Amino acid sequence: MDRGKRKQYMSLLEQQWFDASWPTSALHNEGNVMTYFGQPDSNPFYDRECNNERVKQNNFGKLDVQRLAQMEGQEYVYVPLTQPIAQLHVIQKQQRAKTSVRPLGCYYLAKGNAFQAPDLATLIGSRLRTAMHHLKEGLDVAKDQADPLEVSEYPWKFLRAAQAGARDTAAKYRPEPTKFARVAGTAEHKLYIAAHGALERLDQTVHEAKRAKASLDGATEA
């Protein structure tokens with residue numbers, strides 16, 4: 001799928017269509033559902049170039065399902081549910097050839113509201129992006145709160161620092177590294193060493209900044 005079609009496809013995933021002129025109670029069988037969905041002037045999910053429209057043009061506006069099954073090209077078909085649910089219907093867009101049928105899209109109607117169902121790749125990608133977002137947030141919190149200078153036998157127990165000379169972040173709750181941080185060669189030990197060095201460099205920078213500020217204040221007073 002090229003970039004233009006992909007952009008159009010993604011935009012349809014965010015759309016909803018509903019025809020208020022139809023009572024939802026009328027959408028109780030396949031014929032009415034297909035007639036309701038097949039409105040090219042208002043339904044953004046319905047392609048007026050499909051075979052359904054060609055069949056209706058040659059059949060006084062009515063859809064002949066048997067005639068539709070004999071044609072090649074893009075079409076919309078009603079998909080019966082294995083376990084029917086009240087006021088829920090599924091319509092599939094597909095490409096029909098002589099010996100095969102390839103699905104192109106799937107749409108569902110819930111009380112007359114039409115939505116496009118996402119494909120599997122888009123659904124998995126969305127779930128992965130959400131999971132990675134929360135994972136990054138968790139790692140950022142752990143990085144900000146962890147104090148690798150304190151090693152304990154207890155895994156990640158939050159403590160409130162109260163000792164003298166603590167860092168500016170000591171007033172926050174922070175986790176202690178687990179006992180595995182002391183095992184050389186483990187990933188947690190490597191993280192321990194890296195975080196330890198980073199905190200030392202941060203402390204050194206803070207102390208240098210404080211000394212520079214003190215020198216500047218002394219020069220100003222003089």
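Asp41 and Arg48 pair up through their side chains in a salt bridge, with 2.9 Å from N to O; the term stands for a side-chain nitrogen of Lys or Arg within 4 Å of a carboxyl oxygen of Asp or Glu. The model is a predicted one, so local features need pLDDT of at least 70 and side-chain atom pairs count only at pLDDT 80 or more, while totals for chains, interfaces and linings use all residues. Residues are numbered from 1 along each chain as its sequence is written, and side-chain values use heavy atoms, with hydrogens and water left out.

Back to that pair. Asp41 is exposed, at 73% relative accessible area, whereas Arg48 is partly exposed, at 44%. Here "buried" means under 20% relative accessible area, "exposed" means over 50%, and "partly exposed" is in between (1.4 Å probe, protein chains only). Side chains of opposite charge can pair when their charged atoms come close. The count of salt bridges comes to 3.

Another of these bridges joins the side chains of Lys56 and Glu53, at 2.8 Å from N to O. These two residues sit 3 residues apart in helix α3 (residues 51-57), so about one helical turn separates them. Both Lys56 and Glu53 are buried, with Glu53 at 10% relative accessibility. Glu53 also has contacts (heavy atoms within 4.5 Å) with Gly38, Pro40, Tyr46, Asp47 and Arg48, leaving aside residues up to four places away in sequence.

Then there is the bridge between the side chains of Arg96 and Glu75, again with 2.8 Å from N to O. Glu75 is buried, at 1% relative accessibility.

What about the chain as a whole? The protein chain has 6 helices and 6 strands, where helices (H or I, at least four residues) and strands (E, at least two) are DSSP runs, numbered from the N terminus. Along the sequence they follow the pattern α-α-α-α-β-β-β-β-α-β-β-α. Of its 222 residues, 26% count as buried. Among contacts between residues at least 6 apart in sequence, 42% join residues at least 24 apart.

The largest nonpolar core holds 15 residues, and those touching the most other members are Phe37, Phe45, Tyr76, Ile91, Leu109 and Ala114. Such a core is a set of buried Ala, Val, Leu, Ile, Met, Phe, Trp, Tyr and Cys residues joined through side-chain atoms within 4.5 Å. Helix α2 (30-37) and strand β3 (101-110) each supply at least two of the core's residues, and α2 gives the most, with 4. As for Phe45, residues in contact with it include Leu12, Trp17, Phe37, Tyr76, Tyr107 and Ala114, not counting residues up to four places away in sequence.

Finally, the model has 1 cavity of 30 Å³ or more. On a 1 Å grid over the protein atoms alone, a cavity is a set of points where a 1.4 Å probe fits but cannot get out, and lining residues have an atom within 4 Å of a point. The largest cavity has a volume of about 50 Å³, a volume being the space filled by probe spheres set on the points. Its lining consists of Met34, Gly38, Tyr46, Asn52, Lys56 and Leu63.

Definitions and conventions. 1 Å grid on protein atoms, 1.4 Å probe; cavity = no way out; pocket = protein on both sides within 12 Å on 5 of 7 lines; lining within 4 Å.
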